[in-house]
Amino acid sequence: MAPPLYTTQTGRLWHAGQILVVTVGVPGRGKTHLAHAIQRYLRWMGVKCNVYNLANVRRSMLGPLAELPEDYFSYTKDNAEVVKLRDHAREMHENAIVKFFEQGGQVAVYDANNSNKERRNMICDRFSALGVQIMFIECVCDDEEMIERNIRSMHSFNPDYQGWSLRDIKASFRKRIEEHEKVYEPITNNALPHVQLLNFGQRIVVNNVQGYLQNRIVFFLMNIHNQERTIYFARTGESLVEHIYKADAELSSLGFQYANRLCDFIRNLRSKDRRSGIDDSTTPSQQHTLSFITSTGSTEVKNTFDAGGDEIRELQVWCSTRKRSQNTADVFRQHHIRVLEMAQLCELKPGVVDGMSEEEILARFPHYREEQANDPYSFRFPRAESYHDLAIRLEPVILELERARQDVLIIGQPSVLRCLIAYLQGNKPQEIPLIQVREGDLVEIRPQAFGLATRLFSFWDPEKERKERDIHFAVRAAMVVSQKEEPDK
């Protein structure tokens with residue numbers, strides 16, 4: 001999260017007021033994926049933003065899909081009881097949004113179908129009376145492959161279909177789509193501020209959208225997609241000179257071993273013969289977990305993982321312009337994998353404490369620990385960078401990451417990886433310095449419509465490898481000494 005350095009008297013940013021973003025479209029068009037992407041980006045900017053999903057309200061009121069009346073999604077039948085249930089769910093849903101605005105929220109995303117003019121007019125009337133600015137985003141999709149992919153993703157992530165077979169999910173959801181298409185009315189009122197999104201970014205039509213935050217949302221929409229991809233995170237290898245930023249040292253011998261191990265592990269993990277079953281060398285780590293906020297609220301990395309089909313996408317490696325990062329990525333070049341170097345991926349600049357020991361830092365800045373503990377996100381030493389500074393520097397990388405349609409491995413120092421993982425996970429600013437990405441761990445993240453699928457692998461034991469290296473060096477030193485003593489005797 002990279003909030004601006006000021007707030008208004010109301011706590012809202014950029015004097016933008018309160019905004020309601022309303023999604024429009026039949027099911028299976030990526031509206032929920034879009035809603036959570038907007039929330040992630042606006043929260044990164046420091047905006048108080050929440051997604052309100054109508055289906056979640058319906059599930060909390062009426063239970064799972066199997067317990068609903070058979071004609072709940074049939075909008076052409078006049079069943080007074082079903083209509084009453086739908087209206088009650090919408091009322092509860094909109095009341096939650098109103099409460100969010102009353103408590104100081106700035107942007108709410110109304111995640112529902114809102115398929116006809118009457119519903120949209122009712123939303124405009126209610127929230128315009130509260131002084132809330134309204135912006136519609138209509139998701140249109142004529143790409144059957146994209147629709148099929150969206151339906152398939154529900155097998156693992158949509159709470160409505162937990163425990164269902166993929167065949168039953170497709171049949172049920174296709175029926176829901178047909179019922180909504182019967183009553184769907186596209187947005188034709190040019191007075192309404194709205195964006196029409198065709199095939200999730202293939203074409204964007206913007207109409208009567210005004211305001212800074214609204215245009216930032218439009219800019220963000222021009223950079224995103226909902227195609228399946230995997231993002232990997234790994235630390236750089238050990239350098240010859242650690243903890244001195246100015247040295248910009250190359251990898252040590254152990255660092256090059258680490259780079260080769262990382263490359264081999266990634267290539268094996270991505271190979272098709274590992275899709276059906278993961279062997280012992282690629283077992284998810286059970287020793288520790290990341291401080292992630294998952295879509296289910298659990299912080300554990302589960303063994304079950306949807307591989308996302310048999311498609312093998314191109315892999316790109318992103319690294320910084322520092323030598324240790326370049327050296328770690330060079331191994332991938334030998335396997336004809338494209339490597340992109342970005343200056344924005346360089347680690348936090350340490351400033352005046354570069355190369356200083358803990359005792360030297362305490363001698364010069366005796367109260368730095370208390371100051372850092374009070375505000376770890378914004379704390380910085382003189383001429384150094386804070387996590388806030390780093391987050392602002394990484395915004396171009398975030399947009400490039402949203403645009404990327406291939407799989408990406410990001411190799412960097414822990415500070416950079418923490419910020420990027422925090423963006424994807426939606427962590428709060430104070431949580432960013434606490435995210436742990438250990439040396440020898442590979443973090444795998446797959447963005448999904450209903451959250452993120454994550455895995456954590458341990459492919460390298462730094463303590464074991466350093467111990468073996470030290471033993472090896474000690475044996476060689478002993479041999480050299482013995483060889484020198486032999487002629488003297």
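**Close-up views of a predicted model**

**View 1. Helices H2 and H3 make a right-handed crossing.** Right-handed here has the near helix turned clockwise from the far one by less than a right angle, left-handed anticlockwise. Helices (H or I, at least four residues) and strands (E, at least two) are DSSP runs, numbered from the N terminus. This is a predicted model: local features need pLDDT of at least 70, side-chain atom pairs count only at pLDDT 80 or more, and totals for chains, interfaces and linings use all residues. Residues are numbered from 1 along each chain as its sequence is written, and side-chain values use heavy atoms, with hydrogens and water left out. The axes of H2 (residues 54-62) and H3 (residues 80-102) come within 9 Å and cross at roughly 120°; axes are lines fitted to C-alpha atoms, for helices over the stretch in contact, with angles from 0 to 180 degrees between N-to-C directions.

**View 2. Arg324 sits in helix H9 (residues 323-333).** Arg324 counts as buried, at a relative accessible area of 12% (buried is under 20%, exposed over 50%, partly exposed in between, using a 1.4 Å probe and protein chains only). Its side chain has a polar contact with the side chain of Glu242, at 3.2 Å. A polar contact is a pair of N or O atoms within 3.5 Å; within protein, one must be able to donate a hydrogen and the other to accept it, and residues adjacent in sequence count only if both atoms are side-chain atoms. Not counting residues up to four places away in sequence, Arg324 also touches others, including Thr236, Ala249 and Gln413; contact means heavy atoms within 4.5 Å.

**View 3. Asn207 lies in strand S6 (residues 203-207).** This Asn207 is buried too, with 17% relative accessible area. Setting aside neighbours within four places in sequence, Asn207 contacts Asn189, Asn190, Leu192, Pro193 and His194.

**View 4. The largest nonpolar core has 98 residues.** Such a core is a set of buried Ala, Val, Leu, Ile, Met, Phe, Trp, Tyr and Cys residues joined through side-chain atoms within 4.5 Å. Leu20, Ile38, Leu42 and Phe233 touch the most other members, and helix H14 (residues 414-425) gives the most to this core, with eight residues. A second, separate core of 25 residues includes Phe265, Leu315, Ala329 and Val331.

**View 5. Helix H13 (residues 395-403) has Val397, Ile398, Leu399, Leu401 and Glu402 buried.** The buried residues of H13 pack against several elements, among them helix H1 (31-44), strand S7 (231-235) and H14.
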